[in-house]
Every structure is written in structure tokens, then in C-alpha cells.
Amino acid sequence: MKRQHRERPQKTRYNPLIGYHVVDWSYRVIGPPGTRLDPAFSTEARALEAAAKWGRRAEVSMTVPLHLEGLLGVLRCGGDIVLDGAAALRLVKACRRQGIRIDRRIGETIRAEETEALYSSRAIVAE
């Protein structure tokens with residue numbers, strides 16, 4: 001009897017969760033009023049708290065996860081996403097694991113306890 005060759009399953013690509021956006025009913029990222037910032041936060045609760053703080057909680061339709069590949073896609077298109085401290089550290093860790101260069105000076109100044117979206121992903125990723 002001839003053995004059948006069994007294909008190996010595809011290895012899952014490393015695409016970790018970086019943070020969460022809050023979006024409106026048109027699926028646009030909600031940021032502070034009067035700005036064009038696209039913020040992301042380390043938890044869904046922090047993202048919802050930020051929307052409430054900006055007086056935009058009623059506009060929120062859902063929270064949306066932001067993964068590494070999605071963030072890098074935004075950077076490739078010339079955009080930027082600002083992150084809170086824990087999400088910024090996740091980005092640094094994910095980039096290091098993927099071999100993506102980061103700006104060491106910025107990576108060393110990130111504070112995990114920072115709850116405001118202050119860290120530019122474009123400044124962190126040194127591509």
C-alpha cells in the first residue's frame with residue numbers, strides 16, 4: 001500500500017494584538033475632537049474611557065482590535081497611529097520579534113503606565 005503524502009499545515013504568521021480603536025457607525029476611528037489623531041489603547045476599556053473623556057462616547061459603535069500587520073499597513077500608507085504606554089510597548093516587543101527596527105531612544109522612554117495616547121507608532125518604527 002502506498003503512503004499518501006500529507007501536507008503540513010501552514011505556519012501561522014506572527015500578528016499580535018497591539019491595541020484597540022473605538023470607531024463610529026461609519027467605521028471611522030474616533031479621536032479627540034478637533035484633531036485628526038487615530039488613537040489606539042491597550043484595552044477596550046481604556047479606549048471607551050478615552051471616548052467618554054472626549055465627550056464622544058455616544059458616537060462609539062464598537063471597539064476594533066489593532067494587530068501588528070494593520071498598524072504597519074497604516075504606516076506604509078503614510079499614516080500614523082498614536083498609542084498609550086502599554087500598547088506602545090507591545091509594538092516595540094512585536095517589532096523586535098519580527099526583526100523590524102525601532103528607534104531605540106523612543107523605545108527606552110515609553111512608560112507602560114501612561115494611559116493617554118501619546119506615542120507615535122511612526123516615531124517608534126524606524127523603517
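## Val 92

Val 92 has a relative accessibility of 4%, so it counts as buried, the cut-off being under 20%. The model is a predicted one. Val 92 sits in helix H3.

Setting aside neighbours within four places in sequence, the residues in contact with Val 92 are Ile 102, Gly 107, Ile 110 and Ile 124. Another residue, Ile 106, lies 14 residues from Val 92 in sequence, and the C-alpha atoms of the two are 9.7 Å apart.

## Helix H3

Helix H3 covers residues 85–98, which is 14 residues. After H3 comes Gly 99, which has a positive phi near 80 degrees.

The buried residues of H3 are Gly 85, Ala 87, Ala 88, Leu 91, Val 92, Ala 94 and Cys 95. In an α-helix there are 3.6 residues a turn, so residues three or four places apart point the same way. The buried residues of H3 pack against strands S1 (17–23), S4 (82–83) and S5 (119–120). They also pack against helices H2 (68–76), H4 (104–109) and H5 (121–124).

## Cysteines

Cys 95 has a relative accessibility of 0% and therefore counts as buried. Cys 77, at 73%, counts as exposed because the cut-off for that class is over 50%.

A disulfide is a covalent bond between the sulfur atoms of two cysteines. The count of disulfides in this model is zero.

## The chain as a whole

The chain has five helices and five strands. Along the sequence they follow the pattern β-β-α-β-α-β-α-α-β-α.

Of the 127 residues in the chain, 40% are buried. Among contacts with a separation of 6 or more, 68% are between residues 24 or more positions apart.

## The largest pocket

The largest pocket has a volume of about 190 Å³. It is lined by 14 residues, and those closest to its centre are Phe 41, Ala 50, Lys 53, Thr 115 and Glu 116.

Helix H1 (residues 44–53) gives the most to the lining of the largest pocket, contributing four residues. By type, the lining of this pocket consists of nine nonpolar residues, one polar residue and four charged residues.

Conventions
Residues are numbered from 1 along each chain as its sequence is written. This is a predicted model: local features need pLDDT of at least 70, side-chain atom pairs count only at pLDDT 80 or more; totals for chains, interfaces and linings use all residues. Side-chain values use heavy atoms; hydrogens and water are left out. On a 1 Å grid over the protein atoms alone, a cavity is a set of points where a 1.4 Å probe fits but cannot get out, and a pocket is an open set with protein on both sides within 12 Å along at least five of seven lines; lining residues have an atom within 4 Å of a point. Grid points are joined across faces, edges and corners, and a volume is the space filled by probe spheres set on the points. Helices (H or I, at least four residues) and strands (E, at least two) are DSSP runs, numbered from the N terminus. Ala, Val, Leu, Ile, Met, Phe, Trp, Tyr, Cys and Pro count as nonpolar, Asp, Glu, Lys and Arg as charged, and the others, Gly among them, as polar. A disulfide is a pair of cysteine sulfur atoms within 2.5 Å. Buried means under 20% relative accessible area, exposed over 50%, partly exposed in between (1.4 Å probe, protein chains only). The expected span of a helix is 1.5 Å times one less than its number of residues. Contact means heavy atoms within 4.5 Å.
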